Amino acid sequence: MSPVTYELKDDIGVIAIDNPPVNALSQAVRKGIQDAIATAQVDGSKVILLQCLGRTFIAGADISEFGKPPLDPSLPEVLNSIEQSAKPVICAIHGQALGGGLETALASHYRCAARTAKVGLPEVNLGLLPGAGGTQRTPRLASMQASLDLILSGKPISAEQAHDEGLIDALFAEDELADQSFAYARKLADEGAPARPTRELTVKFYEADTELFDIYRKTYAKKLKGQTAPQLIVDCLEAATTKSFAEGLKIERNAFVACRASEQSAALRHIFFAERQAAKIADIPKDTPTRDINSVAIIGAGLMGGGIAMNFANAGIPVTMLEISQEALDKGLGNIASIYQGMVKKGRISAEDAHRRTSLITGTTRFDDLGSVDLVIEAVFESIEVKKDVFTKLDQVCKPGAILATNTSYLDVDEIAQFTSRPGDVLGLHFFSPAHIMQLLEIVRAQQTSKDVMATAIELARKIKKVPVQARVCYGFIGNRMLRQYQREVQMCLIEGASPEQIDTAMMSWGMAMGPLMVADLAGLDISYKARQALSDAQKGDPKSYRIPDVLYEMGRVGQKSGSGYYVYDPETRQRSSDPTVIEVIEQEASKFGVSRQPISDAEILNRITLALINEGFKILEEGIAQRASDIDVVYCFGYGFPKFRGGPMFFAQTRGLDAIYADICRYRETHGDMYWTPSDLLKSLVEQGQTLADWEKGQAQ
Ligand code: T1G
């Protein structure tokens with residue numbers, strides 16, 4: 001049964017696409033459209049109306065078809081048949097018209113949309129570019145600047161804005177779109193409106209625009225550092241100003257095919273599906289009942305507590321902040337208000353919106369005021385004694401059925417759950433700093449956490465626009481446990497010969513959002529120092545892996561907040577610069593450990609640090625702390641600044657080849673000992689059996 005139907009209503013040919021969930025342009029949809037257009041050419045129709053059923057217009061090409069042999073007809077062929085139609089083709093857009101979906105509309109002769117609709121060309125988010133005429137037709141309808149912004153940002157725009165920019169001809173109320181679009185087609189048929197091939201329009205490009213292309217190349221070379229698609233997009237749009245439509249289309253096609261075959265696009269497509277997969281938990285069916293969360297309480301109004309509260313206020317859920325003193329409470333609420341004011345200043349939200357959100361956040365110093373809330377999230381100092389005190393009180397005051405969550409970054413959630421009489425209602429909700437910005441939410445499932453609590457947490461994560469990932473209980477869960485190995489190897493490279501600048505530059509040129517030492521200074525050396533104090537020497541591991549930050553901390557260098565850490569920071573501008581004192585500390589500690597510092601190449605630094613991360617990732621998988629390898633990739637790409645265009649640590653390992661990864665780890669075991677460089681058993685067995693991670697996961701699922 002084709003997902004595309006064609007029906008002649010009076011003398012209007014109606015093409016209806018019904019390919020849930022998002023009307024992606026699968027092979028069957030492409031074939032269906034092409035056949036319908038061909039039928040309409042020879043029947044009694046005067047005009048053709050193309051519309052979609054379900055919650056949205058076409059959300060693009062079927063991404064799951066990429067990486068497989070292409071199937072005919074290709075989208076460019078189908079869109080050319082629409083554009084070449086002798087009878088006007090009208091598109092009616094609701095929900096979202098994205099990628100190939102908007103290209104379908106641009107190849108049509110007339111476009112109408114619901115006022116609530118959105119349109120966009122998000123291909124760049126997948127390491128691609130519009131490959132079906134988007135780079136050649138968009139600048140024939142909208143200005144070159146608007147075209148550059150739309151395609152390079154990858155962000156959808158409202159139908160209103162698209163109308164203002166010339167991409168949409170008519171706007172209707174959402175609930176009237178079906179009737180109004182038919183009436184619009186009726187009117188065009190009655191007026192004998194002509195087919196208007198977009199390809200015959202002149203590109204909207206003026207002398208003043210000449211500089212635009214280099215400006216955007218530079219801007220996106222910074223914004224999307226290391227990514228190839230953005231630069232190719234500018235080339236295609238520039239070609240539209242100097243080449244014929246057909247030549248421009250060819251240039252676009254070649255660039256698209258190159259992007260589609262690239263590792264970067266494979267990595268970004270992997271992350272697209274991994275993000276959606278992460279929200280699915282194998283033993284928790286989709287229809288698991290969830291609890292209503294209409295009110296939330298946050299224990300602790302510090303930086304994390306405040307950021308967490310804002311997520312709920314942003315989603316319209318009232319929040320009660322609890323602090324031990326009125327002074328601390330006022331300070332916390334004050335911080336939140338000033339962040340909202342900052343967002344108003346930057347034009348991100350309106351003053352009314354800021355007022356509405358701030359007023360949803362109230363405060364108390366009494367636990368007894370929390371008796372009716374649906375969810376409590378504890379964000380207090382990281383000590384098990386303090387957690388015990390808080391959860392004991394919560395267990396006494398909170399209503400039955402309230403969910404009790406901890407925002408701990410590494411403490412034992414099973415132990416915390418045992419402080420209550422309701423361990424089934426306890427879990428970890430681990431936000432990342434700054435909590436109102438960072439997308440990742442590690443949902444830590446304790447042994448007794450009930451399935452409806454987990455299902456509620458996943459659903460809630462979506463509501464507050466977070467990317468949820470399940471982690472089981474271990475020290476540091478998924479993200480921070482791997483981070484310890486990552487930071488350990490950073491310290492080993494420092495003490496053996498590298499400098500903070502060299503390490504940060506090597507990791508950032510490879511694509512990390514921030515270098516590891518810059519992150520340490522931002523987070524504060526005091527946080528990790530205090531965390532280490534709670535560990536035994538055995539747990540702390542080789543002193544070479546933490547002596548330098550200990551010494552810096554003891555010198556009062558705790559990072560940006562003290563004006564110095566691995567770098568020194570200008571008190572006015574916060575400009576970061578190197579500090580020879582740090583090298584002295586490193587050399588001093590190296591000589592204490594009898595380490596003769598030698599030059600280390602950037603490639604070696606990169607290899608050792610990423611392999612430390614990857615090896616721990618395999619251990620986390622074999623222990624079942626993470627459900628699947630792609631969950632680890634989502635954690636690192638949405639929580640730790642790992643470059644999405646490399647797909648995350650586990651995808652990167654698979655891309656490099658597990659043999660090579662294993663061989664390098666074994667080599668480091670020879671040179672650096674097996675304390676840290678013992679390959680994970682899972683990695684070892686996959687290599688010995690010549691299996692991939694995907695093979696292993698398939699085996700696990702059976
Ligand atoms: N192809 C295949 N599957 C898709 C898909 C697509 N384009 N879009 C969504 N899905 C699946 C998704 O995996 C999930 O599956 C389900 O649909 C619901 O999605 C030639 C080359 C439309 C805004 O980049 O941004 O066109 O997990 O959970 O939150 O130039 O999906 O249920 O099994 O995300 O409401 C360009 C991608 C493609 C848009 C809806 N288009 N999609 O968000 O639901 S490249 C895009 C989205 C292209 C042309 C080029 C979002 C959405 P499952 P969801 P949602």
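These legends accompany a set of close-up views of a predicted model.

**View B. The surroundings of Ile 503.** Which residues does Ile 503 touch, not counting those up to four places away in sequence? They are Val 490, Cys 493, Leu 494, Ala 498, Pro 516, Leu 517, Ile 605 and Ile 609.

**View C. An open sheet of 6 strands.** Follow the strands in the order S1-S2-S3-S4-S6-S9 and you will find that their pairing is mixed. Strand S1 (4-9) and strand S9 (170-172) each have a single partner strand, so these two edge strands are left with one side that lacks a neighbour in the sheet. On average, neighbouring strands of this sheet are turned by 20 degrees against each other, direction ignored.

**View D. Where strand S6 meets S9.** Strand S6 (residues 110-114) and S9 run parallel and are joined by 3 bridges.

View E. The bond joining Pro 20 and Pro 21 is cis, with omega about 5 degrees. Pro 21 belongs to the loop between strand S2 (12-17) and helix H1 (27-42). From Ser 433 to Pro 434 the peptide bond is also cis, and here omega is near -5 degrees. Pro 434 sits in the loop between strand S15 (426-431) and strand S16 (440-445).

**View F. Positive phi at Asp 10 and Phe 477.** Neither residue is a glycine: phi is near 55 degrees for Asp 10, and about 55 degrees for Phe 477. Asp 10 is in the loop between S1 and S2, while Phe 477 is in the loop between strand S17 (467-472) and helix H18 (479-496). Is Asp 10 buried or exposed? Asp 10 counts as exposed because its relative accessibility is 63%, and the cut-off for exposed is over 50%. Phe 477, by contrast, is buried, because its relative accessible area is 0%, and buried means under 20%.

Key
Residues are numbered from 1 along each chain as its sequence is written. This is a predicted model: local features need pLDDT of at least 70, side-chain atom pairs count only at pLDDT 80 or more; totals for chains, interfaces and linings use all residues. Side-chain values use heavy atoms; hydrogens and water are left out. Contact means heavy atoms within 4.5 Å. Two strands pair if DSSP finds at least two bridges between them. Helices (H or I, at least four residues) and strands (E, at least two) are DSSP runs, numbered from the N terminus. Axes are lines fitted to C-alpha atoms, for helices over the stretch in contact, and angles run from 0 to 180 degrees between N-to-C directions. Buried means under 20% relative accessible area, exposed over 50%, partly exposed in between (1.4 Å probe, protein chains only).
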